[in-house]
Amino acid sequence: MIRTTRPPSLHSVAGEQGDPLSAIMRPPPVETAEDRSARLQREANAKKISDSIDEAIKQDRERYRKSKEDVKLLLLGQAESGKSTLQKQFQLIYNPTSIDEERLSWRVVIQYNIVRPVLRILEALDLYAEGDSDEDMAEKMNLAYGTPESRIALSEKSEKLGRSTEASASRETLQPSPSPSMDQQLTALRLRLAPLVQLESQLADRLGGVSVIGSGKGSVMVRSGWQSRTFGVTFGKTRERTSSSRGRFSFTGQRSTLENGASERKSSDTDVSERPEPEKDQLVEDVARILHSCKDDVRELWQHPAVRRLRENRKLRLEEWAEYFMDNIGRVSSPGYIPTIDDILHARIQTMGVAEHIFDVPLHGRNVTWHLYDVGGARGQRHTWVPYFDDATAIIFLAPVSAFDQYLSEDPRTNRIDDSLQLFKQICSNALLKQAHLVLFLNKADVLGEKLARGIRVKKYITSYGDRPNEVDSVVSYFKAHFTQVHTRNNEGKRVLYTHLTSVVDTKAMQSIISNVRDSIFRDYLKSAALV
Ligand SMILES: Nc1nc2c(ncn2[C@@H]2O[C@H](COP(=O)(O)OP(=O)(O)OP(=O)(O)O)[C@@H](O)[C@H]2O)c(=O)[nH]1
Ligand SMILES: [Mg+2]
């Protein structure tokens, strides 16, 4: 048998003497009344601090516990696939007041979405020469809009062919013009539109954007908090009035009180007159004035036979938002113009980083907090997605089916459908996302329909499409089969893939699709909650 000494009791005198904290806290043996009151004051302050730290820890723990119950939904897909537009549809359903408050801040984006295509049309006309073959023209357009790399490659090619850009340009001036009067018209238009296009770079600056390297389109890329910057300029007064609202928006971890949590839906285009007068942004006002004074010139340019011809033979390709705003030029350049919800849904601004939007979504009489992560889809942005993977509840992957005839701005050799399939494969096979509910939106169905109606043949760009009918149903089934195959081959967890054919700009159709998606996400959510 061994003998042991008794462990010192925590409450023993000896123990207290050995405890440095007790030694510090113990009152001195001799203490004046003044010292005593100072000591008690110090102790009270220390306790206050200690209690507030305890309270903060408790709240953090509670927030963490609650946030584990939140739904985290990632919107993934390549650039221009429609993620931010889908986010706006969620915002319209679950936080409509906020989108209403943002209306005026979209003016600068819409102005940029008009000025930029006007500039592109003028540049295309610069390169236009009646006698050019399609190949010459395609080459010139690439020289104008391609990436720096492609520019170099093409200039080298031109030189090899003994046709430098300058040579081609001087040859153009020697070509007989289509008709002198047409040339004169275009020259006059160009002059009248000069004040407008000169503002392009200022608008880009106002959006705080950085040019997308390699996009060749001169688009701007902004963090999703851009509204707060334009709000700062244009919405000072209005923001104060909404300051009671809850902070419901943040990007890459920085939270700002941009949007509120009000849940009652306002009629989308009605109560504009009730809105308080916002502070004016001088640049936006100047552009609005110039746009108004030259709206007929913009329309004339857009409808000009030379421009039509360039569009018809696809030497000039404008994106869907550019066409939308050009078609609506009269309305969007009228005095006192306030963007409609449809305008906001069509407005294009490229996302940088990850934007978090928070909504309360009702479930059986209580609210579940949804965090929607809208990511930048360009190749250079994709590394920012990963930190959001490990606790994702669900993913909506957007693949634009209309993009069969387009190539990545970031890599002009990669067909957009091919990039979507490769990206989808990476998402399906990612171990961190194995448990996430998976939804696929085959998006831009409306744009696909328009392209096929214009006679653009899928087979020309996707040779494996072969002689299948050049019709929406057939094209969609073909692409859907490819995405389904990618999913099946990368589906260790045997999870279901929910697929929808969508046009995310279509608010009415999106309401029922979003509620369908919400229900399927909640079904999985409740199942996993029951297992915990
Ligand atoms: N007609 C039509 N336009 C669409 C559709 N989906 C998106 N768009 C438009 O396409 C443009 C690009 O959409 P975004 O939502 O900005 O694309 P994104 O995926 O957020 O792009 P990044 O932020 O660059 O990753 C916008 O002008 C949208 O209005 C659609 O289904 N039909
Ligand atoms: Mg976006």
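Which helix gives the most residues to the shell around ligand 1? It is helix 4, with three residues. Before I go further, a word on conventions. This is a predicted model, in which local features need pLDDT of at least 70 and side-chain atom pairs count only at pLDDT 80 or more, while totals for chains, interfaces and linings use all residues. Residues are numbered from 1 along each chain as its sequence is written, and chains are lettered from A and ligands numbered from 1 in the order in which they are written.

Let me stay with the ligand. The shell around ligand 1 holds 25 residues, the closest being G82, S84, R348, T351 and G377; a residue is counted as near when its C-beta atom, placed from the backbone, lies within 6 Å of the molecule. Two or more residues come from each of helix 4 (83–94), helix 17 (320–327), helix 19 (341–346), strand 6 (350–352) and helix 21 (445–453). Helices (H or I, at least four residues) and strands (E, at least two) are DSSP runs, numbered from the N terminus. By class, the shell comprises seven nonpolar, twelve polar and six charged residues. Here Ala, Val, Leu, Ile, Met, Phe, Trp, Tyr, Cys and Pro count as nonpolar, Asp, Glu, Lys and Arg as charged, and the others, Gly among them, as polar.

What does the UniProt record list for this protein? Under "binding site", an unreviewed entry covers L345, H346, A347, R348, I349, Q350, T351, N443, K444, A445 and D446. These positions span 102 residues in sequence, and their farthest two C-alpha atoms are 22.6 Å apart, so they do not all gather at one spot.

T351 is placed in strand 6 and is buried, with 24 other C-beta atoms within 10 Å. A residue is buried if 20 or more other C-beta atoms lie within 10 Å of its own, exposed if 12 or fewer, and partly exposed in between, with C-beta atoms placed from the backbone. H346 belongs to helix 19 and, with 20 C-beta neighbours inside 10 Å, is also buried. Apart from neighbours within four places in sequence, H346 contacts W321, Y324 and V505, where contact requires C-beta atoms, placed from the backbone, within 7 Å. Among the buried residues of helix 17 are W321 and Y324, together with A322, F325 and M326. The buried residues of helix 17 pack against helix 6 (107–127), helix 15 (295–303), helix 18 (329–332) and helix 19.

I turn now to the strands. Where does strand 10 sit? Seven of the seven residues of strand 10 (437–443) are buried, so this strand is largely enclosed by the rest of the structure. H437, V439, F441 and N443 point one way, and L438, L440 and L442 the other. In a regular strand the side chains alternate between the two faces of the sheet.

Strand 10 runs parallel to strand 9 (394–400), joined by seven bridges, and runs parallel to strand 11 (497–501), joined by five bridges; pairing requires that DSSP find at least two bridges between two strands. L438 is the bridge partner of I395 and stands opposite L497 in strand 11. Strand 9, helix 20 (416–429) and strand 10 form a right-handed β-α-β unit: with the strands pointing away from the viewer, the path from the first strand over the helix to the second runs clockwise.

Strand 1 (71–76) has six of its six residues buried, so strand 1 too is largely enclosed by the rest of the structure. V71, L73 and L75 lie on one side, and K72, L74 and L76 on the other. Strand 1 pairs in the parallel sense with strand 9 over four bridges, L74 standing opposite I395. Five bridges join strand 1 to strand 8 (366–375), again parallel, with V71 opposite W370.

Finally, the overall figures. The protein has 24 helices and eleven strands, and buried residues make up 33% of its 532 residues. Of the contacts with a separation of 6 or more, 76% are between residues 24 or more positions apart.

Terms used. Contact = placed C-beta atoms within 7 Å. UniProt positions renumbered as here; feature names shortened; annotations may be inferred.
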